[in-house]
Amino acid sequence: MSAYLIADIKVTNDGWVPEYAASVHEFVHKHGGKYLSRSGNVKTLEGQPLETSLIAILQFPTAQHAMAFVNDPGYAPFMMARQRGSESRFQLIDDTDLAGTLSYLPKG
């Protein structure tokens, strides 16, 4: 079952961004993932806007693959740099439909 990592990031010190952006995709790919989006073009359509600088959406074959990426020792220095220079929220969701009414998604 596919899993999606949603990274919601408010950059507070952008010194980490160039190396992170140039390098982290290698760890994502190593664990079977791919970026669906990595954008700073964030527009709030409903509700109060969050102080988000960028959102990345990554797809992995399974939740275990996503967790392997997050826990990869090689990724750790990049994660620490991101955490020092941002307020970050990483969320993991699967590809299920909670209501169970969409035929193209497994019932959640």
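R38 lies over the face of Y35, 4.9 Å from the ring centre. A charge counts as over a ring if NZ of Lys or CZ of Arg is within 6 Å of the ring centre and within 35 degrees of the ring normal.

This is a predicted model: local features need pLDDT of at least 70, side-chain atom pairs count only at pLDDT 80 or more, and totals for chains, interfaces and linings use all residues. Residues are numbered from 1 along each chain as its sequence is written, and side-chain values use heavy atoms, without hydrogens and water.

**Aromatic pairs**

A search of the whole structure finds five aromatic pairs. The table gives two of them. Rings of Phe, Tyr and Trp (its six-membered ring) pair if their centres lie within 6.5 Å; planes under 30 degrees apart are stacked, over 60 edge-to-face, the rest tilted.

| Pair | Type | Centre to centre | Angle between planes |
|---|---|---|---|
| W16 and Y20 | edge-to-face | 5.1 Å | 90 degrees |
| F60 and F69 | stacked | 5.8 Å | 25 degrees |

W16 and Y20 are buried (under 20% relative accessible area, 1.4 Å probe, protein chains only). F60 and F69 are both buried too. W16, Y20, F60, F69 and Y75 form one aromatic cluster.

**Helix packing**

Helix α1 (residues 17-30) packs on helix α3 (residues 76-84) at about 140 degrees, with axes 10 Å apart. Helices are DSSP runs (H or I, at least four residues), numbered from the N terminus. Axes are lines fitted to C-alpha atoms over the stretch in contact, and angles run from 0 to 180 degrees between N-to-C directions. From α1 come E19, Y20, S23, V24 and F27; from α3, F78, M79 and R82 make the contact (heavy atoms within 4.5 Å).

Key
Buried < 20%, exposed > 50% of the residue type's maximum accessible area, 1.4 Å probe, protein only. Helix = DSSP H or I, 4+ residues; strand = E, 2+ residues; numbered from the N terminus.
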